[in-house]
Amino acid sequence: MSDEQQCVEDNRRAHARLSLRDDPEQPLVLACDGIPARLIKPHWFRDKVLGLGSLKDVSVGGCGLISAAPIEMDTQVQLEIGELLLPCRVVRKSPVQGALHFYGLSWEEMEKTQLLALYSAISRLKSKRDGR
């Protein structure tokens with residue numbers, strides 16, 4: 001991909017993304033890296049765990065993850081990363097392979113302190129994953 005193509009792709013995003021992948025060039029279908037997360041559907045009686053996912057990138061505006069959980073566009077979910085529970089909405093859904101989909105999630109509410117806690121949790125989980 002040329003520098004010009006990369007610049008055009010980067011300009012379509014409102015916020016710069018931090019990749020959590022070891023090799024961002026590797027196709028998503030083969031990507032076993034990322035940060036583990038749980039997708040939860042909030043409910044007044046009891047929250048429902050929709051499934052597990054692998055967080056692939058994160059930004060001030062949201063995140064991207066791969067999951068086999070069947071989630072419809074514009075669904076409000078909570079993303080559990082470590083001890084954090086973050087409300088978000090599904091704004092993008094792309095098939096990867098079989099039941100796997102790449103989901104783009106937009107944070108519903110994100111204060112600066114929550115964002116710092118998120119980056120800290122990601123750093124801890126990434127270190128644990130890498131055996132440091």
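Aspartate 74 is exposed, at 52% relative accessibility, where exposed means over 50% relative accessible area, buried means under 20%, and partly exposed lies in between (1.4 Å probe, protein chains only). The side chain of aspartate 74 meets that of arginine 89 in a salt bridge, at 3.8 Å from N to O, a salt bridge being a side-chain nitrogen of Lys or Arg within 4 Å of a carboxyl oxygen of Asp or Glu. This is a predicted model, in which local features need pLDDT of at least 70 and side-chain atom pairs count only at pLDDT 80 or more, while totals for chains, interfaces and linings use all residues. Residues are numbered from 1 along each chain as its sequence is written, and side-chain values use heavy atoms, with hydrogens and water left out.

**Salt bridges**

- A search of the whole structure finds three salt bridges, and Asp74, Arg89 and Glu108 are linked in a network of such contacts.
- The pair of arginine 89 and aspartate 74 has a distance of 3.8 Å, N to O, and it links distant parts of the chain, with arginine 89 in strand β6 and aspartate 74 in the loop between β4 (62–67) and β5, 15 residues apart.
- Arginine 89 also meets the side chain of glutamate 108 in a salt bridge, at 3.2 Å from N to O; here the pair links arginine 89 in strand β6 with glutamate 108 in the loop between β7 and α2 (112–129), 19 residues apart.
- Arginine 89 counts as partly exposed at 22% relative accessibility, and glutamate 108 likewise counts as partly exposed, at 34%.
- Glutamate 80 and arginine 38 form a salt bridge through their side chains, at 2.6 Å from N to O; because glutamate 80 lies in strand β5 and arginine 38 in strand β2 (residues 35–41), the pair ties together parts that are 42 residues apart in sequence.
- Glutamate 80 is partly exposed at 24% relative accessibility, and arginine 38 is partly exposed with a relative accessible area of 31%.

**Strands and hairpins**

- Helices (H or I, at least four residues) and strands (E, at least two) are DSSP runs numbered from the N terminus, and two strands are taken to pair if DSSP finds at least two bridges between them.
- Strand β5 (residues 76–81) pairs with strand β6 (residues 84–97) in the antiparallel sense over six bridges, and the bridge partner of glutamine 78 in β6 is proline 87.
- The hairpin of β5 and β6 has two residues between the strands, and in it glycine 82 takes a positive phi near 60°.
- Strand β6 is also joined by eight bridges to strand β7 (residues 100–107), the two running antiparallel, with glutamine 97 standing opposite leucine 100 in β7.
- The hairpin of β6 and β7 likewise has two residues between the strands, and in it glycine 98 takes a positive phi near 55°.

**Cysteines**

- With a disulfide defined as a pair of cysteine sulfur atoms within 2.5 Å, the count comes to zero disulfides.
- Cysteine 63 is in no disulfide, and the nearest cysteine sulfur, that of cysteine 88, is 5.7 Å away, which is too far for a bond between cysteine 88 and cysteine 63.
- Cysteine 63 counts as buried at 1% relative accessibility, and cysteine 88 counts as buried at 0%.
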